[in-house]
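Visitor: I would like to learn how to read helix packing and contacts. Could we go through a case together?

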Amino acid sequence: MQALHSRWRLSPARLLRYGWVGFLALLLAACHQDMYNQPKVQTYDPSTFFADGRGSRPNVPGTVAVGAAQTDTYLYTGLINGVEGDVMPFEVTRAVLERGQQQYNIWCAVCHGEAGYGLSAVAQRGGIVPASFHQQRLRDAPIGHFFVIITNGVYRGDPEKDGYQSMYSYASRISAEDRWAIAAYIRALQLSQNATLEDVPPEQRANLGQ
Amino acid sequence: MGQIFPRNANRLAWLSVFAGLLLVAELVLILAVYFRSNYFRQINVAIEQPVAFSHQLHNGVLGIDCRYCHVSVNQSYFANIPATETCMTCHSQIKTYSPKIAPVLESYATGKPIEWNKVHRVPDFVYFNHAIHVNKGVGCSTCHGQVNEMPVVWQQQAMFMGWCLNCHRNPEQYVRPRDEVYNMEYVAPANQVALGRQLVAEYGIMPPDQLTNCWVCHR
């Protein structure tokens, strides 16, 4: 009858004697990082699939994202029949001006200064001369002019010959709505820097100079 | 042949069993401490970059807003690394001939991106969204430290889950007004908890039982 019993019955003594073999087996398992490094491409991850090694692909020319069709030409070009328009494509509210101020202080104040005189730390250290918004030419310019400049940038001279781009286009960085909000805020800055006592409501005049 | 081991060697054999167990426990502890250490995680170690770009100069001294370069931080999950065009917006005119700018000029001319080295790595099983944090009043410096004082950027905080949860459990201790999110010099006011509670309500920040749910970060 002896043969019916397995010779390897699990007795407590045996468990104690050979249990550590199981612990040793744990050492064989290396640390897997499969969840840590998942085989998916995230922003800026390199890729071996494409020849240039970039995981993020540049847009195919002519691509229009869903909902990004630029049907409102004036909103996206600032031009009416090829001429800079002098109206805002949407209503100017306090929220638009505050958005414009916030965006102006991020993008424009870097060179043109917070008050718009073309004075800033970058301009001073870099030896560049950004335009002042308070010169007569720009005070007379239509509001679309500021939008067109932010959208297209500024060329000094003829780009074919010796000209260079003194201000780059911000169209890829600032949305069209925000570019218009900045244009509106620049107009507000111009008004503020050339304001007279008559522009202040009589009941507020006592607060001036405080 | 005589006895090699004296009688009390039995006790030594007994003790060595416990010493062995203790050694294993210590080994596990040492490994755990090592893998959680700032040394292993390269915390406070400046990461060399292919271009000698200084946040200290650009943000600290010149006062360029974080969003001038990291445009998408409040629009997308990812705070973008600026395109070479962004660098060239200024450096096509400023310090154009400096050897430090050379890799930028080359990248702009060839269209080959500059390969910056990643400083903050979040595991792929964690979903982190920059936009929701900065738009709900979590400041840049809360997680990234005083980047405005870093000539070369380093990570100043190991990103443990417990560290994330600390804020997800007590958001009122860390949120600031939205206007102050990009202010690198911001110091929490004395009434932070009262202000924080008010901001949590105003910005509609989820209550901690929802904010600490697994799906918030692991999706």
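Visitor: Is the crossing of H4(B) and H5(B) left-handed or right-handed?

Guide: First, the ground rules. This is a predicted model, where local features need pLDDT of at least 70, side-chain atom pairs count only at pLDDT 80 or more, and totals for chains, interfaces and linings use all residues. Residues are numbered from 1 along each chain as its sequence is written, while chains are lettered from A and ligands numbered from 1 in the order in which they are written. Helices (H or I, at least four residues) and strands (E, at least two) are DSSP runs, numbered from the N terminus. A crossing is left-handed if the near helix is turned anticlockwise from the far one by less than a right angle, and right-handed if clockwise. Here, H4(B) and H5(B) cross in the left-handed sense.

Visitor: At what angle do H4(B) and H5(B) pack?

Guide: Axes are lines fitted to C-alpha atoms, for helices over the stretch in contact, and angles run from 0 to 180 degrees between N-to-C directions. For H4(B) and helix H5 (residues 102-110) of chain B, the angle is about 120° and the axes are 10 Å apart.

Visitor: Which residues of H4(B) and H5(B) meet?

Guide: Two residues are in contact if their C-beta atoms, placed from the backbone, lie within 7 Å. From H4(B) come Thr84(B), Cys87(B), Met88(B) and His91(B). Val104(B), Ser107(B) and Tyr108(B) in H5(B) meet them. For classes, Ala, Val, Leu, Ile, Met, Phe, Trp, Tyr, Cys and Pro count as nonpolar, Asp, Glu, Lys and Arg as charged, and the others, Gly among them, as polar. This contact has four nonpolar, three polar and no charged residues. As a rule, an α-helix has 3.6 residues a turn, so residues three or four places apart point the same way.

Visitor: How many residues of H4(B) are buried?

Guide: A residue is buried if 20 or more other C-beta atoms lie within 10 Å of its own, exposed if 12 or fewer, and partly exposed in between, with C-beta atoms placed from the backbone. H4(B) is mostly covered, with six of its eight residues buried. They are Thr84(B), Thr86(B), Cys87(B), Met88(B), Thr89(B) and Cys90(B). Their packing partners are helix H5 (121-126) of chain A, together with H3 and H5 of chain B.

Visitor: How many residues of chain B are in contact with chain A?

Guide: 20 residues of chain B touch 19 residues of chain A. On the chain B side, helix H3 (66-69) and helix H4 (84-91) are the elements that give two or more residues. H4(B) gives the most, with four residues. By class, this side of chain B has twelve nonpolar, four polar and four charged residues.

Visitor: Now chain A. How do H7(A) and H8(A) cross?

Guide: Angles under 35 degrees count as roughly parallel, over 145 as roughly antiparallel, 65 to 115 as roughly perpendicular and the rest as oblique. The axes of H7(A) and H8(A) cross at roughly 130° and come within 9 Å. H7(A) is therefore oblique to H8(A). Their crossing is right-handed.

Visitor: Which residues of H7(A) are buried?

Guide: In helix H7 (residues 143-152) of chain A, they are Gly144(A), Phe146(A), Phe147(A), Ile149(A) and Ile150(A). These buried residues pack against strand E1 (79-80), strand E2 (83-84), strand E3 (154-156) and H8 of chain A. After H7(A) comes Gly153(A), with a positive phi near 85°.

Visitor: At what angle do H3(A) and H8(A) pack?

Guide: Helix H3 (residues 94-107) and helix H8 (residues 176-193) of chain A pack at about 95°, with their axes 7 Å apart. So H3(A) is roughly perpendicular to H8(A). By class, the contact of H3(A) with H8(A) has nine nonpolar, three polar and two charged residues.

Visitor: Why does Leu97(A) count as partly exposed?

Guide: Leu97(A) lies in helix H3 of chain A. Leu97(A) is partly exposed because 16 other C-beta atoms lie within 10 Å. Leaving aside neighbours within four places in sequence, Leu97(A) is in contact with Val92(A), Ala184(A), Tyr185(A) and Ala188(A).
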